[in-house]
Amino acid sequence: MMRDARLLVDALRNPASVEMLDSGQWTELISIARAESLIGSLAHRVKDVAVPDRVRAVLQDAIEAHDLARQQALWEADCARRALAEYPSKIVLMKGTAYVAANLDAGVGRSIGDLDIMVAREDLPVVEAALLDAGWEWVKPDPYDDQYYREHMHELPPLIHRERDRMIDVHHTILPLTAAPKPDAKAILDDAVRLDNGLYVMAPADMVLHSIAHLFADGDLAGGLRNLWDINLLLRHFSEADENFLAELQSRAQIHGLRVELARALRLAARIYGASLDNIGSVETAISDNLYVRRLLARDGYGRETRKLTRFAFYVRSHWLRMPPLMLARHLWTKWRKGGQQPK
Amino acid sequence: MGEMHQILLKIGPAAFRIASAWRQPLDQLVALYSDYPLLVDQSVDFTVRLEPEKPWRRLLRPSVHIGGDFWLPDAAPLPLTQGLLAAEMGMNLQMALGWRRHLLLHASSVEKDGKALIMTGLSGSGKSTLSAMLAERGWRFMGDEFALLSLDSGQIFPFPRLISLKNEAIGAMQKVVADTRFGPEMKATPKGDIRHLVPPKAAIERMDEPAKPALLLFPRFGHAPELREMGKSEVFVRLTQASTNYVALGEGGFNALTRFVDQVPVKAMDYQSTDQAEEMIHDLWGQLP
Amino acid sequence: MTQKYRAAAQDDLIWHELDSMTLLYHRTSGITHMLADPAPAILEVMEGLSLTAAEIAAQLTARFDIESDIDAENIVIARLEELSGLGLVARVSG
């Protein structure tokens with residue numbers, strides 16, 4: 001029985017290797033891949049490899065399910081575009097929707113949840129009004145949460161469309177305002193690239209750095225393997241297309257205050273997914289890298305999250321990264337008093 | 001991490017790995033599914049996980065959280081005494097959220113002369129009980145939870161799991177079926193008193209044989225016996241509401257369901273006893289082309 | 001009003017008549033719509049063309065037996081706004 005997610009990582013790195021798997025290992029691989037939201041990516045990676053019949057059916061299902069997710073994501077983006085037809089400034093797609101809209105490898109087989117868009121901070125009220133007018137509604141009517149989001153977080157409180165039942169998250173920067181790194185939101189918007197339909201995606205370096213920011217500074221590494229796989233594919237695609245890409249990535253990281261995170265992401269992508277990049281800079285493994293790898297691979301052959309102590313450490317740390325300690329205490333206290341979520 | 005036990009099950013076209021922190025639900029499944037094909041050395045479509053709700057709930061007032069490859073965030077836990085129910089619900093959840101190879105209709109189905117009778121409706125409509133009764137009266141049981149509609153052929157495929165009997169239906173079936181075919185009594189579950197019934201051997205042996213859908217019924221228990229026509233628009237809407245994967249199947253789902261609604265005669269059937277229902281069904285069946 | 005409208009391409013739509021309603025599967029969105037008259041007729045009239053609401057109303061009045069005192073144009077405008085919210089119709093600029 002697999003004790004960690006190595007089976008999945010190996011299959012993604014080296015698709016031909018799955019020909020050696022027995023049926024029990026396939027069952028585990030499928031559970032791990034589903035738990036890490038990577039089954040669509042896995043299915044595409046092993047499309048041309050010989051697999052047992054039932055496995056082929058499972059993987060084909062995954063491909064079709066992710067095709068549907070892609071279709072729905074693009075439609076949702078189009079609905080937002082139409083709702084914001086009068087808004088003159090840039091609407092920048094983010095994350096999975098951006099990858100499929102820009103036809104990137106990272107979008108192939110990608111599971112996509114809500115629609116994430118980024119606009120200029122001063123335009124939030126007018127964007128909010130247009131969305132509400134076009135059939136979106138607030139998800140949570142909680143006044144404390146609302147206040148917290150508006151003043152501190154990097155996005156409007158979540159909105160859901162009343163008929164289509166799909167959520168939209170409207171961001172004005174890529175990290176919470178209370179987090180330590182201060183990315184340059186204006187630079188991201190200024191350099192965003194236009195798509196044919198009039199929506200925008202981030203410039204390549206910003207796209208990679210957003211994914212990196214999301215992986216480390218904005219979460220407890222839940223879904224980290226999927227996030228790192230995105231980063232791996234984006235790095236490969238952009239560095240193959242442009243020999244100056246890695247240099248651009250470094251200078252952009254400087255602007256956004258994400259140099260440490262970039263270096264760590266490059267080391268982890270190399271170590272876990274075998275990303276080989278020239279000019280990676282220092283490849284000295286930081287001691288903390290081992291802890292990150294341990295956390296990223298913490299999934300067993302049943303699909304359960306393992307290594308609970310490591311996970312809790314990351315959860316508290318992620319809240320720490322998002323807000324200063326005093327605020328954290330106050331925030332957690334209020335949440336627990338109201339019977340809200342406890343850290344798992 | 002706690003130790004997990006596991007078994008493999010094949011039901012109709014779907015294969016499951018049921019993993020559990022406790023042996024008891026698996027032992028119960030093995031006993032009740034003993035006539036089903038034995039899966040060894042085969043991969044599966046889904047994994048169901050039965051785990052303690054909290055680590056200390058493994059032994060002390062053990063509480064089962066239902067999870068698996070596909071899961072819902074707010075699934076309420078069940079006591080270990082209802083572990084068998086948890087396993088069945090876990091399998092339902094995997095199918096409902098993850099099955100794509102057929103259009104799923106929340107319906108029971110039985111077969112006679114190569115043709116399928118499909119019964120759909122809300123909880124309490126009696127579709128499960130009717131299918132169990134008809135299975136003892138000359139019909140082949142195909143399923144009581146999901147009817148599987150093929151996107152290509154328009155045929156109905158069996159998914160013959162343990163039949164889930166509730167409250168009064170338990171007593172009614174105990175009068176006509178041997179005790180050995182019943183699972184444990186589970187009282188006061190979220191859905192009332194429940195007992196599982198193993199389908200007849202013939203249903204299990206023929207679990208891979210489809211049938212052409214010939215009649216769709218919307219049964220309603222507890223009303224004076226009556227048959228009513230239903231408009232096709234209403235039928236279509238109600239079937240999309242009764243299908244967990246209609247949207248996920250896109251154009252294929254649309255074509256399969258419109259063809260089904262066009263071709264399959266439909267009636268709303270009110271009844272007060274299974275005998276009344278059986279009589280109305282017999283008459284309708286005889287009038288089919 | 002001189003605003004022109006255009007319907008989604010015909011090969012983007014799959015129609016299916018039921019008794020009182022018309023089903024419409026919209027391929028791009030994957031959404032199934034259930035439409036009541038006159039929405040299906042409006043979409044049919046618009047096929048492949050950019051038309052104003054008045055032009056559509058005139059076509060409907062000509063093709064179907066519509067009472068002359070009905071303000072067809074305003075009804076058409078209302079339906080077009082709904083259809084446009086659903087993404088089945090787009091306003092044409094210029």
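## Contact between chains C and A

Four residues of chain C are in contact with six residues of chain A, two residues being in contact if their C-beta atoms, placed from the backbone, lie within 7 Å. On the side of chain C that touches chain A there are four polar residues, with no nonpolar and no charged ones; here Ala, Val, Leu, Ile, Met, Phe, Trp, Tyr, Cys and Pro count as nonpolar, Asp, Glu, Lys and Arg as charged, and the others, Gly among them, as polar.

This is a predicted model, in which local features need pLDDT of at least 70 and side-chain atom pairs count only at pLDDT 80 or more, while totals for chains, interfaces and linings use all residues. Residues are numbered from 1 along each chain as its sequence is written, and chains are lettered from A and ligands numbered from 1 in the order in which they are written.

## Contact between chains A and B

Chain A brings 19 residues to its contact with chain B, and chain B brings 17. The elements of chain A that give two or more residues to this side are α2 (23-35) and α4, and α4(A) gives the most, with eight residues. By class, the side of chain A that touches chain B holds eight nonpolar, five polar and six charged residues.

Chain B contains eight helices and 16 strands, which are DSSP runs numbered from the N terminus (helices H or I, at least four residues; strands E, at least two). Its radius of gyration is 19 Å, which agrees with the value near 19 Å for a compact globule of 289 residues; the radius is taken over C-alpha atoms, and the globule rule is 2.2 Å times the number of residues to the power 0.38. The C-alpha atoms of chain B fill a box of roughly 60 × 45 × 35 Å along the principal axes. Among contacts in chain B with a separation of 6 or more, 69% join residues 24 or more positions apart.

Buried residues make up 47% of the 289 residues in chain B, a residue being buried if 20 or more other C-beta atoms lie within 10 Å of its own. Helix α3 (residues 127-135) of chain B is largely enclosed by the rest of the structure, because nine of its nine residues are buried; among them are B:Lys127, B:Leu130 and B:Met133.

## The largest nonpolar core

The largest nonpolar core has 203 residues, of which A:Leu8, A:Val92, A:Leu93, A:Ile117 and A:Ile212 touch the most other members. Such a core is a set of buried Ala, Val, Leu, Ile, Met, Phe, Trp, Tyr and Cys residues joined through C-beta atoms within 7 Å. Helix α4 (residues 53-83) of chain A gives the most to this core, with 12 residues.

Conventions
Buried ≥ 20, exposed ≤ 12 C-beta atoms within 10 Å, placed from the backbone.
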